[in-house]
Amino acid sequence: MKGKLFWDSFLGTVFIFFLIGVVFRFSAFGIFNAFDPIGEAMSDIEITDIVFSRLRETPPADTNVVLVNIGTLPRAGIAEEINIISKYDPKVIGLDCFFEDFKDPFGDSLLKAAIQNAGPVVMASRLHGCSEAKGGCDSLGGSLPYFTEGIDLGYANLISTATSQEKFKTNRTFAAKVRLKGERAEAFAVKLARYANSLHVQLLLNRKYPYEVVNFRGYGGLGGRFFSLDVMDVFTENFDPGLIKDKIVIFGFMGQDFSDKSWEDKYFTPLNPDYAGRTNPDMFGVTIHANIIAMILNKDFIGVMGNTTSIIWAILICFLNVLLFNVIYYRLPLWYDGLTKLIQLVEVLVVFFIIVMVFHYFSYKINITLGIVAILLAGDSLEVYQGVGKNTYRLLKIRFQKRFKL
Amino acid sequence: MNKLIIKVVLLLLVSAVAFGQGFEFKVLASRGDNKIKTSSADWGPIKTGSAIMGGSQIEVGGSSYLGLMHKTGKTMEVKTPGTYSIDDLSKKVMTGGSSVASKYGEYLLAHMSGGGDEDINQEKLNNMNVTGAVSRATDNEKLDIIIPDRSMLLSTSDAFFRWIPNPENEKDSYVVTVNNLLEENVTTQTVSEPYFDLESLEGISIEDQMGLIINVKSKTDEGYFSANYALQAFMEPNKETIMSELNEYKTTLPSEEEAMKNFLLAMFYEQNGLNFHALSCYTKLLVLEPENEYYAASYLDFVKRAGLEAE
């Protein structure tokens, strides 16, 4: 009996995964998508987005990074901001902005002089010609060599489905390093973090993940978790002198001023309070870099379950469910529908709870979507297996035996 | 032995005092008119990054914002104008927040009981905050003076305004009438260009006049005239502070770079809610550097914020 139960459950599990495969194939034709606004809205969220935006305990503010808003200042204005900030001995200045052509000789020369005289500076650059097929990128562009001569560069590219800067952009992950013409290039935030703690940077680079999940801490500017200086704060030097000393200071666009609700250079991130459907982008690119730096310096890295582990867990969860449901099927057939539905509901809630708690306490992202689908399909699919699958098999077996007179 | 014990106890006491002198909060971000009063100093401005000790008080002004980081790393925002005790804020920070498990439970309950997204049509009276209309002046006054709504006048410096020229007559002249709020005439001048600088009103005290009412009409075209535009005198309690900051700020501005000077002044004025003066500086800026894209973009953004229509 136990052996029969085991094989029955094994075959039931295979059947369920077969069904999942069929449904996936069918849905791959996109037949349902045209009538699925919910699916469209939900297609760009992950379970852990809900943790970031609604469930986790609020992380503490980070004191390693100071954000400076460049607003819509001309180059002479940015030069003046750099001159003012560099007086206060920051550890390093990061410029999350591109100066891609010449504007006016006066402003350009002021800016170049300010960058050269500011002490350690890292400027953002842009990767070009990246593809998985090539296993790397072709070149690094961004600001004119006039401004970047002798200056450390870090690519500011973030992982997003957007194909160009003005499109809808979501960000959850970044690549800490890429191959660039046979050598290793590092991300802008990684380069900046090196100045504060090269050991932590090395720990990050030694990890086995091809990409890293950003452990978002919070926003900059008003309502943020980073020290932030608006344009006027810098020009009037309306800040404590100790704020800047030995800190990583990143200059970037955060609106005309902090009250500006501009969408320019804003991304959708998991911190967005409206995590599904139509909403406003919530975080400036410069603040994403600040979050990455905070993650590195605090060693708040997030682990991600690999695909193989995910599949193994899904099979195991499915098998155990099928085993349990088979016991109910044979021993309590009248209770089968109700009990299995109840068990599935409770299981899904428990699994989500475990995902949330593991992510919050261990910074580990469990990828168990396949397992959840298997749980949800197990009850009804097993009935189909028992009623249609096994009976079809018996019928075919009898006919085969009659045909070949066995 | 006794001396050693006394020394150890004294050392521990000193350490306790030393460690107890840490900050309660630090300022993450500040906007507007925010002040701090400590046990050893009277009210003064708050700076971003500054440490706030226990026993202090803070004052948040109107339309102001203060982002604070508690010594534990927790953050809080203070947006409602008023005076706050740092010790009270510290207690509030420490008692706030709930665990992940309880948040998960609340989240599930909220969604199970349908408390997530209400049907706005069933509660239409609670969801009718926006209109599909825009504001327009009456049709009789065809001449538009470009002045932001509810403009306040700090002084006659950086108080330059312009209007849309007569489309029927490019070479038109205009009669500018300036009255005080009691409708007593301050000045009436004829100008040949579509702008006027209040700096020409020498010796006028804006407070005595309580404000100015401006009217412009075409000298040749009876049908081309403006409505009355009021510029109320800026009489807020922080007026002296702003004047003092402005005068000090002007001494730090680059004297050779007129455009940059006006740009920075525009931001100063706007930050202090003085949009009329900000617009004046932007206007001068565009006259000085008409080809500069940054300045043009800044002007357009300012126009949107001030509720003006861009030309």
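**Exercise 1.** How many of the 14 residues of H6(B) are buried? The model is predicted.

*Solution.* 
- Step 1. Locate the helix. H6 of chain B covers residues 258-271. From first C-alpha to last, H6 reaches 20 Å, close to the 20 Å expected.
- Step 2. Count. Eleven of the 14 residues are buried, and H6(B) is mostly covered. Among them are B:Phe263, B:Leu264 and B:Tyr269.
- Step 3. Find the cover. In chain A, the buried residues pack against helix H4 (75-86) and helix H9 (231-235). In chain B, they pack against helix H5 (239-252), helix H7 (275-288) and helix H8 (293-306).

**Exercise 2.** Which side chain meets B:Glu258 in a salt bridge? Classify both partners by accessibility.

*Solution.* 
- Step 1. The partner is B:Lys261, at 4.0 Å from N to O.
- Step 2. B:Glu258 and B:Lys261 are three residues apart in helix H6 of chain B, so about one helical turn separates them.
- Step 3. B:Glu258 has 36% relative accessibility, so B:Glu258 counts as partly exposed. B:Lys261 is also partly exposed, at 23%.

**Exercise 3.** Where in chain A do A:Asp152 and its salt-bridge partner A:Lys191 lie? Is A:Lys191 buried or exposed?

*Solution.* 
- Step 1. The closest N and O atoms of this pair are 3.0 Å apart.
- Step 2. A:Asp152 sits in strand S5 (residues 152-155), and A:Lys191 in helix H7 (residues 188-196). The pair is 39 residues apart and links distant parts of the chain.
- Step 3. Buried means under 20% relative accessible area. A:Lys191 has 17%, so A:Lys191 is buried. A:Asp152, at 26%, is partly exposed.

How values were computed
Residues numbered from 1 in each chain as written. Chains lettered and ligands numbered in written order. Predicted model: local features only at pLDDT ≥ 70, side-chain atom pairs only at ≥ 80, totals over all residues. Heavy atoms only, no water. Helix = DSSP H or I, 4+ residues; strand = E, 2+ residues; numbered from the N terminus. Expected span 1.5 Å × (residues − 1). Buried < 20%, exposed > 50% of the residue type's maximum accessible area, 1.4 Å probe, protein only. Contact = heavy atoms within 4.5 Å.
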